[in-house]
Each structure stands twice: as structure tokens, then as C-alpha cells.
Amino acid sequence: MDVDPALVRACQRGERGALDELIRATYADVYKLTRRMLADPDEAADATQEVFVRVMRSVVGFRGEAAFGTWLHRVTVNVCLTLLKKRTQARETGMVAGRTPFALPDDVFEIAGEDASPDDRAETADLVRRSEIALMRLNEEARAVVVLRDIEGLSTKEVADLLNVTENVVKVRLHRAHAKLRELVLGADGSTAAGGVA
Amino acid sequence: MNEARLPRFCREARSQLPALVSGELTGWALHVVRAHLRRCSDCSAEVVRQEQLAGALTALRDTHVEPPVGLLDDLLAQANRRGVRERAAVPARGALSGARPELSVAFLTVGAIASTGIGYGLYRGARAFRHRGS
């Protein structure tokens, strides 16, 4: 999430239109992260709104010690983790019967430039698409570590801090999540021609 | 193959493969795992699978996810709702109280009243002192 520091300063000064511009520049990235973390488009949209409410409340106090994009990333992850906790609590107290993985075989994300790709790129694109669907089929704990560690590129320590667990727990969850993903994406025998995860 | 049924060396090596693929494995552990991979074709094949998966997950970072229609409009409407923008645009917010502007106003008001009272008291005291002297 790259954000022009001048735009952030304009927001802090309360300049007209700056906040709108900041939202336009970042909302798609915020939505993408919430969508992956929550695996539910409606909840992701709600979470995106919550992220920007927090941004509006706190942007004036943002001191610029880290890049704004990093701060926004952290706010987004925290909002998602709060929602995931609530979801787990609701399930434990019997308020919901249990959530099935949301993604369906035809509910795939558009992969940029896929149409114009040559064969090898199409194969890679297919693998990526199947990985996306498989990701949605992981349980919430596993999906959170994969999204944060493998896709968002945070270190094991950063993931552990965010999830409030030890680094070893992150490693174990990641190991199990990878095993499940390999099974879903590549098939039990490791063949990429497994034909999807549906 | 079920991991529990693997030979012990393979199980131990496989537990290190995620770190190997992500480049986090160093030192003696790296040396031992590499040596095992040279001898074990199953584990070597497993590395290839993990690298494929890691590549696909990394590529996900750059995939486009289309936000729902209307989300941007909702966000902009929310930002322009009365009260929210004003709260974002108060530069002195939290300057005294940490995060609560109403406390800042209270501190300033109490401070102004107290300093006026002290000033008036000093003025009256100085006058009384002068009268007593004359």
C-alpha cells in the first residue's frame, strides 16, 4: 500500500478533497487484504468501512514514524483479526452453526493480464487461481498465517506479534497450512493436473 | 505419503523445508537438509512442490481483486458524513489530553480561571501592602 506522504499531510491539515483522494488510492488494496483474511465479500466490505472509520479518526495523530501504508496495513489486519475473533466466539457460543468456506469453484479472482498470457504463463495463472480458491478453504487460523506470511510478506516474528502467539506457533500453523494447500492445489500426489480443488 | 510414516530423517528434513524455501534456513541446519536432499528423491520432489506453492502464493500478492460495486461510493459518503470529517480535521485534537479534545478545552478553561484568580489576588495583596506602608 504505497501512499504519497504529501497526501497524508493534506489529510492531516483537513484540506478539502484530500481524504477522498486517500480513500480512492487505497480502498482496493484494503479490500483485497480483508477479502483474503475473511474469505467473505460482505464481511470484507464491512471491514473495509471499519478500517477507513479508524483511519479518519486517527490520521491526524499519525506521526509518520512508519510509512502510512505500513500503518494502514496494520490497521486493516487488526480489524480483520477482531472480526475473526468475534466470528470464533459467535461459533463457540452457538450463535452460528459453523461457517463453510466461502469460495466456490467459479468464484475466482480475476488475474491481471491472464488473457494475453502465453501457455506457460496461463499454466502459472491457473496454479495461482487454484491457490486462491484453496486459500479460501483453509480454516481461519491457517488462512491468517498464510495471508500475512506468504502473501503479505511479513516476517514470522511480525505475524506472531500480530496474532499474539509465539513464533513457533506461527511455524507450526504455517507448516500444516502448507501441507493442506499442497494437497488442495497440487493434489495428494503432487500432480499439478489435479483439476482444481472443487 | 502420510508424514507420520516417513523415515525419521525425512520427517525432520520436511519440517525445515518451509524455512528452506523462504530462505530463512541457515547454518548447520541448512547444511544437513541440503545433504539429505541430495540423497532423498522424495524430499527433493517435495521441495519442488513447496517452491511451486510458494511461487503461486507470492504471485497472489499481485493479483487483482475487484472491490464490490458501490463500495467506493459508500466509503466516500461515510467520509463526508457530518461529524466524521470534522473530527479528522481538528489539528489540536489530543494536544493536552492525549486523545480527548473535550478535556483539552476543560484544561484551558480551568487554567484561565485559575491564572486570573491568582493575578487578581496578587494585585489586591500588593495594594494592601502599599496602603499599610503609607
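Figure 1. Among the contacts in chain B between residues at least 6 apart in sequence, 35% join residues that are at least 24 apart. In this predicted model, the secondary structure of chain B consists of six helices and zero strands, so that the pattern read along the sequence is α-α-α-α-α-α. Of the 134 residues of chain B, 27% count as buried.

**Figure 2. Confidence along chain B.** The mean pLDDT of chain B is 81, and 81% of the residues of this chain reach 70 or more. Confidence is highest in helix α2 (residues 27-39) of chain B, at a mean of 93, and lowest in α5(B), where the mean is 54. Over residues 89-98 of chain B the pLDDT stays under 50, and for this segment the model has 18 contacts beyond four places in sequence. Where pLDDT is low, the predicted coordinates should not be read in detail. For the model as a whole, the scores are ipTM 0.71 and pTM 0.67.

**Figure 3. The interface between chain B and chain A.** In this view, 40 residues of chain B are in contact with 45 residues of chain A. The size of an interface is often given as the accessible area lost when the parts come together. Between them, chain B and chain A bury about 3900 Å², with 64% of this area on carbon and sulfur atoms.

**Figure 4. Polar and charged pairs across the interface, and the elements of chain B that contribute to it.** One salt bridge is counted between chain B and chain A, and the side chains that meet in a salt bridge are those of R182(A) and E46(B), at 2.7 Å from N to O. Eight residue pairs, with both members at pLDDT 80 or more, are in polar contact between chain B and chain A. On the side of chain B that touches chain A, two or more residues each are given by α1 (8-21), α3 (41-60), α4 (71-80) and α5 (84-88) of chain B. The largest share, ten residues, comes from α3(B). Sorted by class, this side of chain B holds 19 nonpolar, nine polar and twelve charged residues.

Figure 5. Within helix α1 (residues 5-12) of chain A, the buried residues are L7(A), V8(A), A10(A), C11(A) and Q12(A). Just after α1(A), G14(A) takes a positive phi of about 75°.

Figure 6. T156(A) is placed in helix α7 of chain A and counts as buried because its relative accessible area is 6%, against a cut-off of under 20%. The side chain of T156(A) makes a polar contact with the side chain of R149(A), at 3.2 Å. Leaving aside neighbours within four places in sequence, T156(A) is in contact with R149(A), E167(A), V170(A) and K171(A), and also with E24(B).

**Figure 7. L163(A) and its surroundings.** L163(A) also has its place in helix α7 (residues 156-163) of chain A. L163(A) is buried, with a relative accessible area of 16%. Apart from neighbours within four places in sequence, L163(A) is in contact with L81(A), A144(A), V145(A), L148(A) and R173(A).

Definitions and conventions: Residues numbered from 1 in each chain as written. Chains lettered and ligands numbered in written order. Heavy atoms only, no water. Contact = heavy atoms within 4.5 Å. Buried area = accessible area lost by both parts, 1.4 Å probe. Salt bridge = Lys/Arg side-chain N within 4 Å of Asp/Glu carboxyl O. Polar contact = N/O pair within 3.5 Å; in protein donor to acceptor, adjacent residues only side chain to side chain. Helix = DSSP H or I, 4+ residues; strand = E, 2+ residues; numbered from the N terminus. Nonpolar A, V, L, I, M, F, W, Y, C, P; charged D, E, K, R; others polar. pLDDT = per-residue confidence, 0-100. Buried < 20%, exposed > 50% of the residue type's maximum accessible area, 1.4 Å probe, protein only.
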